[in-house]
Amino acid sequence: MKWREGVDREKKDEFDSCFSPWATTSFLTWRQWLVRAFSSKIRAHLEVIGPPEPILAIVGEDAELPCHLSSNVSAEHMELRWFRKKVSPAVFVQRDGREQEGEQMAEYRGRATLVGTNITAGRVAVKIHRVKASDDGEYRCFFRQEESYKEAIVQLKVAALGSDPYIHMEVQDSGEIRLECTSVGWYPEPQVQWRTPKGETFPSMSESRNLDEEGLFTVAASVVLRDTSTKNVSCCIQNLLLGQEKEVEISIPEKLLEELKWKMATLHAVDVTLDPDTAHPHLFLYEDSKSVRLEDSRQKLPEKPERFDSWPCVLGREAFSSGRHYWEVEVGDRTDWAIGVCRENVIKKGFDPMTPENGFWAVELYGNGYWALTPLRTPLPLAGPPHRVGIFLDYESGDVSFYNMTDGSHIYTFLSTSFSGPLRPFFCLWSSGKKPLTICPITDGPEGVIVVADAKDLSKEIPLSPMGEDSASGDTDTLHSKLIPTQPSQGTP
């Protein structure tokens, strides 16, 4: 090999001494050596560069994992390898321009291919087809030529937007509504939110997230509704990685809300007894102080301000100034009655109308029609006659509700009243006779408090005897309400 004139002789001697095995080789051999020497020097300064941010891929779609050399050096004759935790087996391997399937992980065979975006400039990528949840995680992009190698890290983030949520609804024995929201096919693990129409959120009572055969999450979240004013609720499932969500809203049927109110009402059952000092003289109380009957005869009773002298009514002994209270009345198949609550200080003398303005919240059966005792009397189109009526007072909410306990249906509710002062249960009978009106302890079924009357239309026909006059039966010396012995069969007629 000839050196050009002017080349420093010492440099030539240093060059020859370092690579003496090639000192006598041909010009072609020296050229090969120079290529190798300078290539090694170049490779010493090369770096493999991966994407600065994670690659986001959707389950079922394809994803490319790119990387490139820091200089525009061809990677055509390099070994290219993408692997995960171990160098081998790998996700993809190419050596000498040929794919090495024998070194490939089983789960990537047929799913990983090389994409030569510009391999002669050192830019390549491997494409993963039909991405799975298990593909999520870290990959290493590896370049090697002879004994030199470099690698870079590529992050793949896999995401899946699951199915539309489905809400299942049921009323529990406790009187609460349980909602369960389910959805399948999510990745990564999603978040669940329950929302009201106003955007208020509340937590699930219980949640579960299970992986299916494809590694995707199936979500189930439940919530229990205790607030009967909540009519619409939505379940929202969020994929935070995608910044997307799916939401479904459920409207709770009015009938179901009323069933909820009734079942919750039964949790507040109270034992109602009758107050003889309030009973009209034509009403005869049973000896258990939970029963009363209306007769044509009139008792001679002492005058008291708390006694009804015109309307044939009697109050319960219990007074309610707060809280929730529930009791039931067995009306059987008798006619002509009114039941509900009233203010303790309602006017008991004379015939003032029984309306909310006068302190009465009640429903009645009169003749063949059912009515709410509003100022203009509201007709109640019931599907069938109730044999037992449930009454629920929610003092703080200002609601008085009535339920047909024959089928659990709602009869009527006086809503959002601003109560002032104590309220008491009350009962009226418009006709006399032997068939009882029975107020029933919740735990003992239909047997309990009784109010008795007959089919004789009192409200139309009987001008009630003035206080102090003798009764129709001639009993002039009765100074207290007559107590009728309680009969074992006094319950349902």
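**A note on the cysteines and strand β3**

1. A disulfide here is a pair of cysteine sulfur atoms within 2.5 Å. Cys342 counts as buried, at 0% relative accessibility (buried means under 20% relative accessible area, exposed over 50%, partly exposed in between, with a 1.4 Å probe and protein chains only).

2. A word on the basis: this is a predicted model, where local features need pLDDT of at least 70 and side-chain atom pairs count only at pLDDT 80 or more, while totals for chains, interfaces and linings use all residues. Residues are numbered from 1 along each chain as its sequence is written, and side-chain values use heavy atoms, leaving out hydrogens and water.

3. The whole structure holds three disulfides. One of them joins Cys313 to Cys428, with 1.7 Å from S to S. Its torsion about the S-S bond is about 95 degrees, so the disulfide is right-handed. Cys313 lies in strand β21 and Cys428 in strand β30, so the pair ties together parts 115 residues apart in sequence (strands are DSSP runs of E, at least two residues, numbered from the N terminus).

4. Another disulfide joins Cys67 to Cys141. Here Cys67 sits in strand β3 and Cys141 in strand β9, 74 residues apart.

5. Strand β3 (residues 63-69) is worth a look too: five of its seven residues are buried. β3 pairs with β8 in the antiparallel sense over six bridges (pairing needs at least two DSSP bridges between two strands). Within this pairing, Leu65 stands opposite Val126 in β8.

Notes
Helix = DSSP H or I, 4+ residues; strand = E, 2+ residues; numbered from the N terminus.
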